[in-house]
Amino acid sequence: WPIACFRAVLTVARRKRLGHRSPEIPVTEDREPGRMLVIDCGRSEGYIERRLEDLSILVNRAFEAGATHVAWA
């Protein structure tokens, strides 16, 4: 993505989250006889907002350093 477009998308996403915190998701285990154990590690309250902030910081630093695009695999 062009970095300017990605920064704009991040700004919109963060503004939509103002005053909201993503809910906590508790750890769960799904265990049935004869089947594998599946563990969902959950997440803490506000996790999404913290990750959006971290991503924003990273993208802004990259922009200031001269980056023109954002990509990940």
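Legend 1. R17 is partly exposed, with a relative accessible area of 28% (buried is under 20%, exposed over 50%, partly exposed in between; 1.4 Å probe, protein chains only). The model is predicted: local features need pLDDT of at least 70, side-chain atom pairs count only at pLDDT 80 or more, and totals for chains, interfaces and linings use all residues. Residues are numbered from 1 along each chain as its sequence is written, and side-chain values use heavy atoms, with hydrogens and water left out. R17 and E49 join their side chains in a salt bridge, 2.7 Å from N to O (a side-chain nitrogen of Lys or Arg within 4 Å of a carboxyl oxygen of Asp or Glu). This pair ties together distant parts of the chain, 32 residues apart. R17 sits in the loop between α1 (3–16) and β1 (28–30), while E49 belongs to helix α2 (residues 47–64). Helices (H or I, at least four residues) and strands (E, at least two) are DSSP runs, numbered from the N terminus.

Legend 2. E49 is buried, at 16% relative accessibility. Leaving aside residues up to four places away in sequence, E49 touches R17, H20, R21 and S22 (contact means heavy atoms within 4.5 Å). One of these neighbours, R17, is also the salt-bridge partner of E49.

**Legend 3. The salt bridge between E45 and R21.** The side chains of E45 and R21 meet at 3.5 Å, N to O. E45 is partly exposed, with a relative accessible area of 43%. R21 counts as exposed, at 52%.

**Legend 4. R31 paired with E29.** A salt bridge joins R31 to E29, and the closest N and O atoms are 2.8 Å apart. R31 is exposed, at 59% relative accessibility. In total, the structure holds five salt bridges.

**Legend 5. Packing of α1 against α2.** The two helices pack at an angle of about 155°, and their axes are 10 Å apart. Axes are lines fitted to C-alpha atoms, for helices over the stretch in contact, and angles run from 0 to 180 degrees between N-to-C directions. α1 is therefore roughly antiparallel to α2 (over 145 degrees; under 35 is roughly parallel, 65 to 115 roughly perpendicular, the rest oblique). α1 passes α2 in a left-handed crossing (the near helix is turned anticlockwise from the far one by less than a right angle; clockwise is right-handed). From α1, the contact takes I3, F6, R7, L10, A13 and R14. From α2, it takes L52, E53, L55, S56, V59, N60, A62 and F63. By class, the contact has nine nonpolar, two polar and three charged residues. Ala, Val, Leu, Ile, Met, Phe, Trp, Tyr, Cys and Pro count as nonpolar, Asp, Glu, Lys and Arg as charged, and the others, Gly among them, as polar.

**Legend 6. A4 and C5 in helix α1.** A4 is exposed, with a relative accessible area of 51%. C5 is partly exposed, at 43%. A4 and L18 are 14 residues apart along the chain, and their C-alpha atoms are separated by 21 Å. C5 and V59 are 54 residues apart in sequence and 11 Å apart in space, C-alpha to C-alpha. V59 is one of the α2 residues in the contact with α1.
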